[in-house]
Amino acid sequence: MKTYLSALLFLTSMTFAFAQNTPQELTDVFFNTFQKEGASKALDELYSSNSWISRNADAITNLKSQMEGLNIDYVGEYYGYEKINSKSLGSSFVHLSYMAKYDRQPIRFVFQFYKPKDKWVIYSFSFDTNISEELAESAKIYYQNL
């Protein structure tokens, strides 16, 4: 019985470790944590994938502070997120844009992921209110393809 429980615990931990292996899965985890536990915890999880980013602790602390400002008093209630755009450079770099839906206005969240070897890591993260800029860029690409 003890061996069975040990094997089950091992398999469960391995499943969790490998469950977040794509940029899409990493962003889904980010937004779930953001909704349930707040911006600071979500950013800690996101940046934990890249040991190099932790060297810039001041910038991360500043970003956490700015994201904590996305509260009910400033932008209203949070209703979820939708993917806006996805672009790849080769098979090792992905740019993902999302719209976070709030009462007052949408907020654009931009994630960039890099895969230097065999694991995706966060390369860059930002957020802003320039959702219309994303739409304008998409329109340019659409008209170029006609």
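Colleague: Which residue in S3 is the bridge partner of Met-99?

Modeller: Met-99 has Arg-108 as its bridge partner in S3. This is a predicted model, in which local features need pLDDT of at least 70 and side-chain atom pairs count only at pLDDT 80 or more, whereas totals for chains, interfaces and linings use all residues. Residues are numbered from 1 along each chain as its sequence is written, and side-chain values use heavy atoms, with hydrogens and water left out.

Colleague: How many helices and strands does the protein chain have?

Modeller: Helices (H or I, at least four residues) and strands (E, at least two) are DSSP runs numbered from the N terminus. Here the protein chain has five helices and four strands. Along the sequence they follow the pattern α-α-α-α-β-β-β-β-α.

Colleague: What is the order of the strands in the sheet?

Modeller: Two strands pair if DSSP finds at least two bridges between them. In this model, four strands form an open sheet in the order S1-S2-S3-S4, with antiparallel pairing. Strand S1 (78-89) and strand S4 (121-128) are the edge strands, each pairing on one side only. For angles, axes are lines fitted to C-alpha atoms, for helices over the stretch in contact, and the values run from 0 to 180 degrees between N-to-C directions. With direction ignored, neighbouring strands of this sheet are turned by 20° against each other on average.

Colleague: How many bridges join S1 to strand S2?

Modeller: S1 and strand S2 (residues 93-102) run antiparallel and are joined by 10 bridges. Ser-88 stands opposite Val-94 in S2, and Asn-85 has Ser-97 as its bridge partner there. These two strands form a hairpin with three residues between them, and Gly-90 in the turn has a positive phi of about 65°.

Colleague: How many bridges does S2 form with S3, and how many join S3 to S4?

Modeller: S2 pairs with S3 in the antiparallel sense over nine bridges, and a hairpin of three residues joins the two. Seven bridges join S3 to S4, also in antiparallel fashion; Val-110, for instance, has Ser-126 in S4 as its bridge partner. The S3 and S4 hairpin has six residues between its strands.

Colleague: How is an aromatic pair read, and how many does the structure hold?

Modeller: A pair of aromatic rings is described by the distance of the centres and the angle of the planes. Rings of Phe, Tyr and Trp (its six-membered ring) pair if their centres lie within 6.5 Å; planes under 30 degrees apart count as stacked, over 60 as edge-to-face and the rest as tilted. The structure holds 20 aromatic pairs. In one of them, the ring centres of Phe-30 and Phe-111 are 5.2 Å apart and the planes lie at 75°, so the pair is edge-to-face. The pair links distant parts of the chain, with Phe-30 in helix H2 (residues 23-37) and Phe-111 in strand S3 (residues 106-114), 81 residues apart. Ring pairs also draw these two into a cluster whose members include Phe-34, Tyr-81, Tyr-98 and Phe-127.

Colleague: Are Phe-30 and Phe-111 buried or exposed?

Modeller: Buried means under 20% relative accessible area, exposed over 50%, and partly exposed in between (1.4 Å probe, protein chains only). Phe-30 and Phe-111 are both buried. Across the protein chain, buried residues make up 31% of the 146 residues.

Colleague: Why does Lys-64 count as buried?

Modeller: Lys-64 counts as buried because its relative accessibility is 18%. This residue is found in helix H4 (residues 57-68). Contact means heavy atoms within 4.5 Å, and, leaving aside neighbours within four places in sequence, Lys-64 is in contact with Ser-40, Leu-43 and Asp-44. A polar contact is a pair of N or O atoms within 3.5 Å; within protein, one must be able to donate a hydrogen and the other to accept it, and residues adjacent in sequence count only if both atoms are side-chain atoms. The side chains of Lys-64 and Asp-44 make such a contact at 2.5 Å.

Colleague: Where does Asp-103 lie?

Modeller: Asp-103 lies in the loop between S2 and S3. This residue counts as partly exposed because its relative accessibility is 47%. Its side chain reaches the backbone nitrogen of Glu-77 at 3.0 Å and makes a polar contact with the side chain of Tyr-79 at 2.6 Å.
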